[in-house]
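Trainee: Could you take a close look at the aromatic ring pairs in this structure and describe how they are arranged?

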Amino acid sequence: MAINLGISSYCLWSKMESDGWTLLDIMDWAKAHDCTHMEVVPFGLPILNEDGSGNFELAKKVAEHADKIGLKLSAFSLNAHLVFPAKEADHKEELYRREINRIETVMQVAKTMGCYKFRNDVCSGQQPDGINTPEQFEEDFPTFVKGVQELADYAKTLGLSTTLENHGLYVNGADRVIRILRAAGRDNVGLTVDVGNFLCVDEDPVTNVSKAIKYADMVHLKDFYIRDNARMLPQDGMYVSFPKDYATKDRSKGEIERPTSWTEKIPSFGYVGTAAGNKILRGAIVGQGDMDLWKILSIIKHSGYEKEISLEFEGMEDCVAGTYYGLETARYIWDRV
């Protein structure tokens with residue numbers, strides 16, 4: 001069984017920030033590197049207009065280009081929040097309805113693009129007040145189920161399936177996302193099983209992939225370096241971020257910088273902490289980090305899963321190289337497990 005492997009546009013979105021790539025360029029790259037599909041993430045994209053309406057002009061251009069080059073656009077993945085800080089308690093229904101409307105508008109855009117799956121979170125990152133406890137999850141659980149049901153029902157009118165991803169520090173871990181999925185009880189709802197994100201809540205990826213794979217409608221394939229928090233120099237953020245004035249002066253023209261200015265040119269990069277706070281993670285090229293991807297890919301392959309797998313690269317290395325070697329490594333492992 002051949003691997004049904006593509007990329008998330010997330011892998012290369014930094015090229016949009018730094019080198020002027022467009023989503024169409026990323027699609028061309030995916031097609032040139034034998035991806036069977038591509039997942040769309042709206043980073044760097046004007047998906048909605050200033051008035052909140054959908055940018056269907058962009059969506060049609062994307063659909064036309066996908067058709068022209070023969071690339072399937074599988075899923076559209078959107079960060080979303082259906083629960084809100086305690087200080088907003090008097091407005092939570094208004095905020096909930098506003099967010100549902102936003103998600104449904106983005107669904108329309110995704111459908112116009114040609115995507116046939118849609119992933120939306122019910123709480124990206126962590127619980128708004130940072131209370132990621134089981135007790136808080138029980139309190140928010142009815143809202144999560146209600147949101148998944150409502151969005152799935154709307155998606156069905158568009159011919160879309162929807163997925164819930166194990167994402168962030170709160171709605172994560174196989175047990176939590178499976179419980180929401182089963183309670184929602186909709187036949188067009190599955191899971192986006194992110195093999196690495198289980199680490200964000202200090203859970204074992206191998207065990208959790210084994211639990212979740214039978215519910216999967218999409219798999220995110222990634223790798224992490226895993227380190228003890230106490231043994232690492234404190235660093236901020238997850239991505240490499242260069243100062244905007246990183247370019248040096250031209251010495252040939254006598255433009256000599258102040259010695260102290262070099263201290264302002266150190267790029268920032270770092271790790272993301274896990275829920276328990278004792279480990280930190282940094283994105284790696286697939287196959288080069290600390291996760292047991294041989295075992296994980298073996299579980300996926302031998303479960304009979306034949307749907308799409310999206311590679312996600314979020315490391316410090318050049319994103320084009322990181323994505324390329326991740327694809328090649330995933331194929332290499334898949335053929336040998």
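**Aromatic ring pairs**

Mentor: Trp 294 has a relative accessibility of 41% and therefore counts as partly exposed; buried means under 20% relative accessible area, exposed over 50%, and partly exposed in between (1.4 Å probe, protein chains only). The model is predicted, with local features requiring pLDDT of at least 70 and side-chain atom pairs pLDDT 80 or more, while totals for chains, interfaces and linings use all residues. Residues are numbered from 1 along each chain as its sequence is written, and side-chain values use heavy atoms, leaving out hydrogens and water.

Rings of Phe, Tyr and Trp (its six-membered ring) pair if their centres lie within 6.5 Å; planes under 30 degrees apart are stacked, over 60 edge-to-face, and the rest tilted. That rule gives 9 aromatic pairs. One of them, between Phe 137 and Phe 141, is tilted, at 5.9 Å centre to centre with 55° between the planes. Both residues belong to helix H5 (residues 134–158), 4 residues or about one turn apart; helices are DSSP runs (H or I, at least four residues), numbered from the N terminus. Phe 137 and Phe 141 are both buried.

For Trp 294 and Tyr 332, the centres are 6.3 Å apart and the planes at 85°, so this pair is edge-to-face. Trp 294 lies in helix H8 (residues 293–302) and Tyr 332 in helix H9 (residues 319–334), so the pair ties together parts 38 residues apart in sequence. Tyr 332, at 44% relative accessibility, counts as partly exposed.

Ring pairs also link Phe 137, Phe 141, Phe 144 and Tyr 170 into a cluster.

Conventions:
Helix = DSSP H or I, 4+ residues; strand = E, 2+ residues; numbered from the N terminus.
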